[in-house]
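Good morning, and thank you for coming.

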Amino acid sequence: MAAPAANMKINGDRLWDSLMEMAKIGPGVAGGNNRQTLTDEDGEGRKLFQKWCEGAGCTMGVDSMGNMFARREGTDPDALPVYVGSHLDTQPTGGKYDGVLGVLAGLELVRSLNDMNVKTRHPIVITNWTNEEGTRFAPAMLASGVFAGVLEEDWAKDRVDAEGKRFGDELKRIGWEGDEPVGQRKMHAMFEYHIEQGPILEAEDKLIGVVTHGQGLRWVECTVTGKGQHTGSTPMYMRKNAGRGLAQITELVHEIAMQHQPNAVGAIGHIDVYPNSRNIIPEKVVFTVDFRSHFLDIMQGMVDEMMEKAPGICKELGLEFSAEVVGQFDPPAFDEKCVSAVRNAAERLGYSHMDIVSGAGHDACWINKVAPTAMIMCPCVDGLSHNEAEEISKEWATAGADVLMHAVVETAEIVE
């Protein structure tokens, strides 16, 4: 297949204007966005995206999980489409670029091809995956998980938010439950463009991250049980302080992850302390250990080591320990041909680049199970994301979108 010419580039100003226009919907309190999935703001963002796609000559399809598919026709009616996209939903205190960049770069790719009158043999489909963030309705990457067949649709639609509202009910309420069965679409390939959400590309002064793997994860919910007693009148040697178990297991998790550098991470994030009173020794602590690696054996080995050593730590302190895995997915290795298309595009365009592993989960991680998939990343300032202060430059956004267009067009095959 013919590679696109090096001077084929997107309109960076138009992409940036689109990002800023979308950011007006669901503004945050500190310059970012609060456009959580299936809220009225999400519905408004979807309508704007649909309007833009139809203005670019695309036809819109929506499946029963609310996933949106804007199709630009190819010249071969029998050729499977090349998909490109990410998500429009945000964290409660999210930035203007996480997810949204990948969707609107797909739109800009199509607009630019229209401007240049470039045709492809394979259709190109811009996708907005529902509920990638998983903030309002856990787990993350919910609708792409259903699409890939790893989650059941009925189960997904029964997820509830903090107010007890069902995913399925809220999807209907905002008017974005489509008729199309989930997962029936077949893909030639899929590409997802995303900000890095980490500091590596900026630190290495690279414009493009060629994502070779995603990290797998294991979430282990642990419960340490002691005895709730008065903090002032209980002698130190008679205490059964569940907080000490948390403290020592926190250090254990750090030590285990450090043994596997640079290929693993681990931390304790969510913590609930009971009864959480200033003058009562903690009687119970429930917390979640998050281990991640792009090597399955390392990731599982870290979990096994923690599960072996944590009970002994607690026993020494007179405490009880129990644990269960509450979240997991194995590390995906992205399609070598698609990854090569990304790398070749960066080289053809003269953009500095490096191979990188995605530290966060993305819809591409699930779609990789059913179609050849790859990801592209651009830097973000200080690696900051899931924060209203999240920032990228127009130049970074444009370079990644150029690479995205070249990789997609090469895969979709230019018609001379």
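Let me begin with a term: a residue is called buried when its relative accessible area is under 20%. Please keep in mind that the model before us is a predicted one.

How many aromatic pairs does the count come to? The count comes to seven. One of them is formed by Trp16 and Tyr97, whose ring centres are 5.6 Å apart. Why is this pair stacked? Planes under 30 degrees apart count as stacked, and the planes of Trp16 and Tyr97 stand at 25°, so the pair meets that condition.

Where do these two residues lie? Trp16 belongs to helix α1, residues 12–23, while Tyr97 is in the loop between β3 (82–86) and α3 (100–116).

Phe69 lies in strand β2, residues 68–72, and Trp129 lies in the loop between β4 (124–128) and α4 (142–147), so the pair ties together parts that are 60 residues apart in sequence. Phe69 is buried, at a relative accessible area of 1%, and Trp129 is buried as well, at 0%. These two residues also belong to a cluster, in which ring pairs link Phe69, Tyr83, Trp129 and Phe147.

Arg159 lies over the face of Trp155, at 3.9 Å from the ring centre. In another case, the charged end of Lys284 is placed over the ring of Tyr274, 5.0 Å from the centre of that ring.

Finally, I would draw your attention to Phe49, in helix α2, which spans residues 40–55. Is Phe49 buried or exposed? Phe49 is buried, with a relative accessible area of 0%. Leaving aside residues up to four places away in sequence, its contacts include Met22, Met60, Leu88, Val103 and Ile126. By contrast, 32 Å separate the C-alpha atoms of Phe49 and Gln328, which are 279 residues apart along the chain.

Technical notes. Residues numbered from 1 in each chain as written. Predicted model: local features only at pLDDT ≥ 70, side-chain atom pairs only at ≥ 80, totals over all residues. Heavy atoms only, no water. Phe/Tyr/Trp six-rings, centres within 6.5 Å; stacked < 30°, edge-to-face > 60°. Helix = DSSP H or I, 4+ residues; strand = E, 2+ residues; numbered from the N terminus. Buried < 20%, exposed > 50% of the residue type's maximum accessible area, 1.4 Å probe, protein only. Lys NZ or Arg CZ within 6 Å of the ring centre and 35° of its normal. Contact = heavy atoms within 4.5 Å.
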